[in-house]
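Here is a short briefing to read alongside the model. Have the sequence and the 3D view open, and follow the topics in turn.

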Amino acid sequence: MDSCLRPYDQDWLNYQHEISLRHTTIKKYQTDGVDSKPFVPLDDIIAFTAVMNQTIKPFLAAKGHSDDDVSRMHQAWCKSVQLQLALWTHAYFDSTRADAKR
């Protein structure tokens with residue numbers, strides 16, 4: 001929903017930063033209380049991007065839009081996910097934190 005409906009403003013950027021922190025040891029488990037790995041490896045997030053980008057296309061086409069419209073929506077989706085991925089990597093490489101490389 002954040003990729004499609006929210007404006008890309010400072011509130012959106014702040015939320016993306018919060019999401020990135022929740023994937024690392026910095027804030028893992030502090031919000032959702034789920035018992036899982038101590039952090040989500042960055043390479044898992046990067047690899048999952050391709051899956052997200054490929055699996056969304058049938059959903060975009062499901063409402064009967066033209067192939068051209070589906071292609072444009074898919075391109076917009078991929079750009080948005082790529083932007084979010086770039087923002088999420090910041091928490092993994094914050095040079096002020098010794099454990100942030102996780």
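This is a predicted model, and among its elements helix 3 (residues 67-88) has the highest mean pLDDT, 93, while helix 1 (residues 10-22) has the lowest, 89. Across the whole protein the average pLDDT is 83, with 82% of the residues scoring at least 70. The secondary structure comes to 3 helices and 0 strands, in the order α-α-α from the N terminus on.

**Burial and contacts**
- The protein has 102 residues, and 32% of them count as buried.
- If you look at contacts between residues at least 6 apart in sequence, 49% of them join residues at least 24 apart.

**Helix 2**
- Helix 2 covers residues 42-61, and its 20 residues should span 28 Å at 1.5 Å a residue; the end C-alpha atoms are 30 Å apart, which agrees.
- Its buried residues are Leu42, Ile45, Thr49, Asn53, Ile56 and Leu60.
- These buried residues of helix 2 pack against helix 3.

**Helix 3**
- The buried residues here are Val70, His74, Trp77, Cys78, Ser80, Val81, Gln84, Leu85, Leu87 and Trp88.
- Helix 1 and helix 2 are among what covers the buried residues of helix 3.

**The largest pocket**
- You will find about 290 Å³ of space in the largest pocket.
- Its lining is made up of 13 residues, and Phe48, Met52, Val81, Gln84 and Trp88 lie nearest the centre.
- Helix 2 and helix 3 each supply at least two residues of that lining.

**An aromatic pair**
- How many aromatic pairs are there? The count comes to 1.
- The partners are Tyr8 and Trp12, whose ring centres are 4.1 Å apart with planes at 5°; that angle is under the 30 degrees cut-off, so the pair is stacked.
- Is Trp12 buried or exposed? Trp12 has a relative accessibility of 1%, so it counts as buried.
- Tyr8, at a relative accessible area of 40%, is partly exposed.

Methods: Residues numbered from 1 in each chain as written. Predicted model: local features only at pLDDT ≥ 70, side-chain atom pairs only at ≥ 80, totals over all residues. Heavy atoms only, no water. pLDDT = per-residue confidence, 0-100. Helix = DSSP H or I, 4+ residues; strand = E, 2+ residues; numbered from the N terminus. Phe/Tyr/Trp six-rings, centres within 6.5 Å; stacked < 30°, edge-to-face > 60°. Buried < 20%, exposed > 50% of the residue type's maximum accessible area, 1.4 Å probe, protein only. Expected span 1.5 Å × (residues − 1). Contact = heavy atoms within 4.5 Å. 1 Å grid on protein atoms, 1.4 Å probe; cavity = no way out; pocket = protein on both sides within 12 Å on 5 of 7 lines; lining within 4 Å. Points joined across faces, edges and corners; volume = space filled by probe spheres on them.
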